[in-house]
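Let's take a look at a pair of protein chains and how they meet. Have the picture open while you read.

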Amino acid sequence: MEGVAVLFSVVYQLATNASFLLLAGLGLIVILGMMNIINLAHGELMMLGAYTATILYHRGVPFPLTVVAAFVVVALAGAVLERLIVRRFYGERLGALVVTWGISLVLSQGTLMLLGPFMPSIPIPSGSVSIGQYSFSVYWLILTAVTALLIVALGLLYNWTTIGLYARATMQKPDIARALGVNTDRIYLLTFSLGAGLAGLSGALLAPTVSIAPFMGQQFIAPAFITVVVGGATNVIAGALGASALLSFVKTPVGFLLGAFLGNVALLFAALIIIRLMPDGISATFQRWQDRRSRLA
Amino acid sequence: MSRYFAALTGPNEIGHSSAFWASFLLVLFGFAAYPAFATEFQSSNVAYYLLNIPLALGLCLLWGYGGILSFGQVAYFGISAYVYGIIAGNMMGNSWGPLIGSIGGLLASAIVAAVFGYFIFYARVQNWIVPILTLVLTLLLETFLGQTAGYQWRVGVVQLGGYNGMTGIPSFQLGDLVFFGYSFYYYVLVVVVLTYFACRMLVNSNIGRVLLAIREDPLRTELLGYDIRARQWSIFVLASVLAGISGILYVQWGNYITPTQVGLAQASLPVIWVAVGGRDSLLAVAISTYALNWLTYTLSSAGYQSALVIIGFLLIIVMLFFPRGIIVTIARAAFWRRIAERV
């Protein structure tokens with residue numbers, strides 16, 4: 001029994017860390033993989049999601065519904081941003097980085113101005129279970145399950161639907177896709193607002209675990225960016241899964257032994273070393289390995 | 001001598017006509033004469049707008065001339081500032097402490113940038129990864145400095161102070177000559193003008209030309225026999241030393257620093273100064289840095305909380321409508337009009 005509890009505790013720690021990294025990075029990854037741009041306003045979109053959920057929750061809306069609402073609200077905000085601003089920066093990575101940073105500054109400082117520095121937070125839903133002498137938060141177990149579901153849903157969306165087919169075509173060869181009648185403009189709009197919506201959804205899901213403030217986005221972006229950089233842009237879902245698994249193996253022991261801050265420092269160092277070895281990220285290395293294997297077969 | 005002058009008027013920076021140099025000297029003279037008409041407080045404000053210029057020039061070299069975008073220049077600003085504070089604070093009473101502190105601060109920035117830059121540039125990462133990793137470094141530095149509040153976080157007699165910041169940092173001093181008030185103003189002015197001239201010579205030297213070549217076509221430059229990794233790495237280190245100069249001037253100006261100075265909002269400011277002025281020109285960046293610092297200061301001292309929102313909107317608008325920067329766009333328009341008149 002004791003051994004099972006310890007084992008479960010280790011798995012629990014690894015899984016929650018990995019799902020935190022995945023949740024924080026999910027929206028970013030979708031946009032990066034599709035349009036090859038990094039959305040620096042990602043943290044602020046998560047903040048908008050968390051605010052939407054919090055405001056609705058305190059109006060008496062049940063928590064799961066507020067999460068859905070956060071997805072819809074932030075996806076719409078993302079669509080507006082894409083139409084007005086981001087659309088002009090496709091193919092211009094550094095320009096897109098800078099302009100989305102401007103957006104992030106306006107969103108966070110604007111929220112501070114309009115809604116003030118504090119917000120009553122959401123209590124963590126559901127309780128805890130204990131196995132042996134350890135107790136585990138049920139909410140984090142649910143989050144891990146939701147993250148897994150989201151990844152599966154994204155995989156299905158990209159691999160089994162017509163929209164997903166168009167999206168993959170646009171991702172690989174935009175001009176050919178356009179020549180074959182795919183409205184790539186609309187695919188970009190949909191992808192950006194899907195990415196934004198996922199950021200909002202993650203923000204709402206993580207809202208009970210953090211304090212709600214205009215600058216709360218900052219704590220997510222470092223892990224999110226590291227996950228994405230380590231994962232690379234070749235096959236984003238595989239990259240993100242690999243990166244979050246690998247990084248949680250770094251972060252969990254360091255964070256457990258030396259504290260959360262040094263856990264994050266270890267993340268940065270791990271990222272530096274991994275990109276020194278695999279400059280295009282895990283997914284590119286994985287892809288090369290797969291290509292070589294398929295050639296041999 | 002003429003070689004140096006040729007480097008000053010080379011093609012990689014705007015402003016070559018005698019009218020330009022005349023007005024440049026006039027403006028310089030205006031700055032030199034300013035304290036005669038202004039109070040010590042006003043001079044100190046102007047010194048603050050000026051002292052941010054080396055930081056912006058460093059980013060301009062890196063981004064505009066080198067094509068490498070860094071969001072983490074404030075990290076080096078902060079490292080130099082804190083190290084200066086630690087060294088000079090511990091050597092309080094020694095009249096050469098501040099000078100040793102300044103050198104130590106710049107060295108610290110250079111070392112951190114050298115190690116960090118080694119991993120980035122020698123890995124040949126894609127160009128969008130550099131801004132992300134530099135931003136992460138900044139975030140971690142802010143988190144680290146923010147949690148150094150306790151009494152155990154002290155180096156010698158100097159406390160890091162967490163979010164309350166490091167206080168009582170000594171002013172700059174050379175022997176018995178202490179720089180504060182008017183003399184600090186002149187000290188900043190001299191440092192900033194020298195930095196500008198040095199950068200201007202650099203971009204018109206061979207190093208600058210290779211840098212531009214790397215920005216335009218890295219592969220071709222490499223095939224011509226240049227080690228682009230070493231070139232990018234060294235310009236990254238240089239830019240961080242320039243950021244360090246601003247950091248040291250900042251703590252010598254205000255005698256304190258808090259982790260907010262390396263925070264995310266601060267990190268965005270140099271990028272905005274450079275983008276708004278026009279990253280292709282050192283002078284445009286220097287002017288916009290001065291103007292935007294003045295604007296931010298005026299807005300926030302008038303009680304507007306919206307200063308950063310306005311600056312953020314300004315960045316978005318500039319990126320949408322003047323992607324080359326406002327000042328560079330105007331300068332180019334004027335240049336082409338002159339050409340058209342001559343034809």
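## Two chains and where they touch

Following the sequence, chain A runs α-α-α-α-β-β-α-α-α-α-α-α-α-α. That makes twelve helices and two strands, where helices (H or I, at least four residues) and strands (E, at least two) are DSSP runs, numbered from the N terminus. Chain B has 15 helices and four strands.

A quick word on the source: this is a predicted model, in which local features need pLDDT of at least 70 and side-chain atom pairs count only at pLDDT 80 or more, while totals for chains, interfaces and linings use all residues. Residues are numbered from 1 along each chain as its sequence is written, and chains are lettered from A and ligands numbered from 1 in the order in which they are written.

A residue is buried if 20 or more other C-beta atoms, placed from the backbone, lie within 10 Å of its own.

| Chain | Residues | Buried share | C-alpha box along the principal axes |
| Chain B | 343 residues | 46% | roughly 70 × 55 × 45 Å |

Is chain A compact or stretched out? A compact globule of 297 residues would have a radius of gyration near 19 Å, and chain A has 19 Å, so the two agree. The radius is taken over C-alpha atoms, and the globule rule is 2.2 Å times the number of residues to the power 0.38. For the 343 residues of chain B the rule gives a value near 20 Å, and chain B agrees with 20 Å.

Now for the meeting place. Two residues are in contact if their C-beta atoms, placed from the backbone, lie within 7 Å. Chain A brings 30 residues to the contact and chain B brings 34 residues. On the chain A side, α4 (93-115), α9 (217-231) and α11 (260-277) each supply at least two residues. The largest share, 14 residues, comes from α4(A).

Let's zoom in on α11(A). Which residues of α11(A) are buried? They are A:Asn264, A:Leu267, A:Ala271, A:Leu272, A:Ile274 and A:Ile275. These buried residues pack against α9 and α10 (236-258) of chain A, together with α6 (97-121) and α7 (129-146) of chain B.

Methods:
Buried ≥ 20, exposed ≤ 12 C-beta atoms within 10 Å, placed from the backbone.
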